[in-house]
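Biologist: Please take a close look at one part of this model for me. I would like the strand pairing and the charged side chains treated together.

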Amino acid sequence: MKEKRETWNGLSFDEPSKGIIASNGAGQGCVLWAVGAHLRFELEEVGLTMLGDLGLDDAPLGISVWEGKYIWQPGNWEHPLDGDMVPCGTFRSPTEEEWTAIRAGRCPLEE
């Protein structure tokens, strides 16, 4: 039986996060909006803001939607606790509904 993970600010880590990403296609950009425990935790609790620090510097040029989770990757066998949280997800183009909200300056994602 799989044990349920803890929640953060009432959000479950069992569900993937989504983020609206603006990128220059060369590793620089920002997260415009984020929903879900994984991405919001990295932004709000860890304090990461740069795409490279978030592991999202492979975002495509322009506006995209990242959907995924952050998964713990332990360090090497000598220092397994020296690991890191690694994003595991994919980028996609926004849907027409999402584009409409983005152009209006509203978060197109639901928590």
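Modeller: Trp 66 stands opposite Phe 91 in strand 6. Strands are DSSP runs (E, at least two residues), numbered from the N terminus; two of them pair if DSSP finds at least two bridges between them.

This is a predicted model: local features need pLDDT of at least 70, side-chain atom pairs count only at pLDDT 80 or more, and totals for chains, interfaces and linings use all residues. Residues are numbered from 1 along each chain as its sequence is written, and side-chain values use heavy atoms, with hydrogens and water left out.

Now the charges. The whole structure holds five salt bridges (a side-chain nitrogen of Lys or Arg within 4 Å of a carboxyl oxygen of Asp or Glu). Glu 67 meets Lys 18 at 3.6 Å, N to O. That pair links strand 5 to strand 3, 49 residues apart. Glu 67 also forms a salt bridge with Arg 92, at 3.1 Å between the closest N and O atoms. This one links strand 5 to strand 6, 25 residues apart. Arg 92 in turn meets Glu 98 at 2.9 Å, N to O.

Glu 98 is buried, at 7% relative accessible area (buried is under 20%, exposed over 50%, partly exposed in between; 1.4 Å probe, protein chains only). Partly exposed are Glu 67 at 26%, Lys 18 at 32% and Arg 92 at 24%.

Key: Helices (H or I, at least four residues) and strands (E, at least two) are DSSP runs, numbered from the N terminus.
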